[in-house]
Amino acid sequence: MATQLRKPYVTPYAEDNLDLPPAFEWADGSRQLTYHDALPQKWMFGALWAHCGTARKGKIQWHLVHTLRQRRCMLKQRCRVCGEPATDPDTGRVPWIMPSEPAGGLRSTMTTAHPPTCKAHIGEALATCPHLRREPPVVCTVGDSFPIAVLANVYGEDDGGRLVETAHQVPIGLDEFHLLGRVLATQLIVCVEDLRPEPLTAGLNLLLP
Ligand SMILES: [Zn+2]
């Protein structure tokens with residue numbers, strides 16, 4: 001049935017996956033993770049970002065997240081489904097689906113790697129995004145958001161100088177400068193502020209499945 005559903009903006013396709021292994025090189029007196037002939041835009045917040053294509057061709061990979069499109073959604077508060085600005089023009093607030101209620105409950109300020117969802121696509125996101133279907137999600141709005149960390153794989157070198165992954169998909173704060181040069185970032189984590197759970201009848205234009 002998945003082929004009949006819209007392809008969410010943040011979901012990658014098979015041909016977006018480019019197998020480009022990173023390597024260490026010396027830069028500014030320390031070891032820095034890089035790609036061969038990497039352009040400066042491969043780094044953001046001091047971290048090297050996973051290389052991926054933008055062709056949107058091949059089999060859709062429902063359980064993965066496209067690194068560059070996820071980062072764009074988080075930086076610019078764009079919708080995970082359509083890629084357009086998610087801010088509700090009527091309220092100035094950004095609809096945001098939290099994948100589950102954390103232990104201890106929702107807090108006004110939280111961190112998340114899940115992009116926002118424009119109010120027109122909340123129902124579609126709940127129906128199609130596997131990441132939002134594992135636990136009962138909570139529909140919220142937020143006042144603002146800002147980058148605070150990356151989700152990344154951390155690399156080191158063994159005694160023979162070979163690249164080894166020392167941690168997989170862990171959050172690394174944007175102020176952990178001693179680590180950022182050794183990570184391959186795959187998703188941007190933001191801090192959302194003034195988060196409020198929104199009852200499903202609170203004016204959100206839901207298209208529930
Ligand atoms: Zn949308």
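In which sense do strand 5 and strand 7 pair, and over how many bridges? They pair in the antiparallel sense, over five bridges. Two strands are said to pair if DSSP finds at least two bridges between them. Strands themselves are DSSP runs of E with at least two residues, helices are runs of H or I with at least four, and both are numbered from the N terminus.

Please note that this is a predicted model, in which local features need pLDDT of at least 70 and side-chain atom pairs count only at pLDDT 80 or more, while totals for chains, interfaces and linings use all residues. Residues are numbered from 1 along each chain as its sequence is written.

Let me return to the pairing. Within it, valine 94 has valine 142 of strand 7 as its bridge partner. Both strands belong to an open sheet of three strands with the order 5-7-11 and antiparallel pairing. Strand 5 and strand 11 (196-197) stand at the edges with a single partner strand each, so one side of each is left without a neighbour in the sheet.

A second pairing joins strand 1 (residues 23-27) to strand 2 (residues 30-34), again antiparallel and over five bridges. Here phenylalanine 24 has leucine 33 in strand 2 as its bridge partner. Two residues lie between the strands of this hairpin, and aspartate 28 takes a positive phi near 55 degrees.

Now the chain as a whole. It comprises three helices and 11 strands, arranged along the sequence as β-β-β-β-α-β-β-α-β-β-β-α-β-β. Its radius of gyration, taken over C-alpha atoms, is 18 Å, close to the 17 Å of the globule rule (2.2 Å times the number of residues to the power 0.38) for 209 residues, so the chain is as compact as a globular protein of that length. Of its 209 residues, 33% count as buried. A residue is buried if 20 or more other C-beta atoms lie within 10 Å of its own, exposed if 12 or fewer, and partly exposed in between, with C-beta atoms placed from the backbone.

The largest nonpolar core has 38 residues, and among those touching the most other members are Trp96, Val150 and Leu184. Such a core is a set of buried Ala, Val, Leu, Ile, Met, Phe, Trp, Tyr and Cys residues joined through C-beta atoms within 7 Å. Strand 10 gives the most to this core, with seven residues. Tryptophan 96 is in contact (C-beta atoms, placed from the backbone, within 7 Å) with residues including Pro116, Cys140 and Val192, leaving aside neighbours within four places in sequence.

Helix 1 (residues 67-76) has as its buried residues Thr67, Arg69, Gln70, Arg71, Cys73 and Met74. Their cover includes strand 4 (47-49), strand 8 (144-157) and strand 10 (183-193). Just after this helix, glutamine 77 takes a positive phi of about 50 degrees.

I close with two loops. Glycine 53 lies between strand 4 and helix 1, and is partly exposed, with 16 other C-beta atoms within 10 Å. Beyond residues up to four places away in sequence, glycine 53 touches Glu15, Asp16 and Leu18. Alanine 103, in the loop between strand 5 and strand 6 (110-112), counts as exposed because it has 5 C-beta neighbours inside 10 Å.
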